[in-house]
Amino acid sequence: MLPYQARWIKDTSRLKLMEKSRQIGLSWSTAYSLVSSTSLADARYDDWVSSRDELQAKLLIDDCKSFAGILQIGAQDMGLRVIDDKNNSAYILRYANGRTTNSLSSNPDAQAGKRGRRVLDEFALNPEPRKLYSITYPGITWGGSMEIISTHRGTGNFFNELVEEIKHKGNPKRMSLHTVTLQTALDDGFLFKLQCKLPLDDARQEMDEAAYFDFIRSGCADEESFLQEYMCIPGDDEGAFLPYEVIAGVEYRSDERWEQTVHQLSTGGPLYIGVDIGRDHDLTVIWVFEKLGDVFYTRAVVVMKKEMFDFQEHALYQFLQLPNMRRCCIDRNGIGRQFAERATQRFGQFRIEEVKFTADSKEEMAYPLLHTFKERKARIPSSPDIRADLRAIRKETTASGNIRFTADRGKNGHADRFWAIALAIHAGKNPGTGFSMELI
């Protein structure tokens, strides 16, 4: 184990918390800690691990099985089993002493009524971290411990509240805090261990720590993403229009299949589409929602940069020709004007709405997006680029008291995904009449 991993494993505090960089091997060291302690003959408690989703829950058990083999500990993989009368399930590894490691999904209710050691992994990514903590904490009343591990998700997240309590408010919960940034991991030898696992022809084999740090930084969607994901500095929810907690509440789990082919879309529910047009500096983004009940489900996202307009039209028209496509809102500003006009001529004004971006129209679209997300009536992919676009929007009040929505233009575009989503939701709030049309 690297020094930061060893410090975490050796810390036997009743309550401990780690704010960490992404992908530095904490899941691996957590698996070792669980196996090496819970398999002991005098172990008194079972483990209850809250993972991000079912896939991560299974991967944790796989890591535990690997360590059980390395340590030559008798362990039996019990597979996925129902663990209570609410049909919550867990992947279970049973040791020779009868104790178990139970790896659950992120549902807070699955922690209710259990006793023993608790591990809350990727805590800040849980849609309800405060509820998860509230349900989990009583489970160590009669013994055991609770450890919380996560990257940050904004200053308004309950995870950051816990960190701030420890650092600046006297640590009333008496938690042991570990902070492991990318730089901390590199200083402790992370790069050498990574290079030992990489193929010999991987470009990272030639990097030193400084070059690797810059490599990771340049690959992030924006600076806020880098600071939050790798340097333990939470994104400022005061300045952003959309708090991280709101975004996390509508993201698909990583194990959910959301994307559909054009053929699959043609047999589903009503479709609503938003299109933000770009060419050289900005992106063209086509966002396709299927509306089921009052919830907008993302089914397709097409992102193009520096593509010919003929190619962009072809990409869009495959969706516009579908019989269940109800309405599409297209950005008609600047270079988008001709694009929007041609779509209107071909598919009709009952299905195509040309939207000119003004201060008023942006406000008219931005607030319904915020409301839809807060009500969790949308589902979007979990992606750093999407998250960065959604976070990029800032709401400013001018000297005259008017509201203005702004975003810096960067390598990730100009918040183009945000406006494509806003246009698609706007289309769904102003649905077309469903007139028939001639297919292409």
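**Salt bridges in our model**

Hi everyone. Let's begin with E290: at 6% relative accessibility, this residue counts as buried. Please keep in mind that we are looking at a predicted model. So which residue pairs with E290 in a salt bridge? The partner is R299, and the closest N and O atoms of the two are 2.7 Å apart. R299 counts as buried too, with a relative accessibility of 11%.

Let me step back for a moment. How many salt bridges does a search of the whole structure find? The total is 25, and I'd like to show you a few others.

Next up is the pair of E354 and R332. Their closest N and O atoms are 3.2 Å apart, and they form a salt bridge. E354 sits in strand β13, residues 352–355, while R332 is in the loop between β12 (325–331) and α13 (336–347), so this contact ties together parts that are 22 residues apart in sequence. Are these two buried or exposed? E354 is partly exposed, at 28% relative accessible area, whereas R332 is buried, at 18%.

Now for a pair between helices. R417 and D389 make a salt bridge, with 3.2 Å between the closest N and O atoms. R417 belongs to helix α16, residues 416–429, and D389 to helix α15, residues 384–392, so the pair links parts that are 28 residues apart in sequence. Both R417 and D389 are buried.

One last stop on the tour.

Methods:
Residues are numbered from 1 along each chain as its sequence is written. This is a predicted model: local features need pLDDT of at least 70, side-chain atom pairs count only at pLDDT 80 or more; totals for chains, interfaces and linings use all residues. Side-chain values use heavy atoms; hydrogens and water are left out. A salt bridge is a side-chain nitrogen of Lys or Arg within 4 Å of a carboxyl oxygen of Asp or Glu. Buried means under 20% relative accessible area, exposed over 50%, partly exposed in between (1.4 Å probe, protein chains only). Helices (H or I, at least four residues) and strands (E, at least two) are DSSP runs, numbered from the N terminus.
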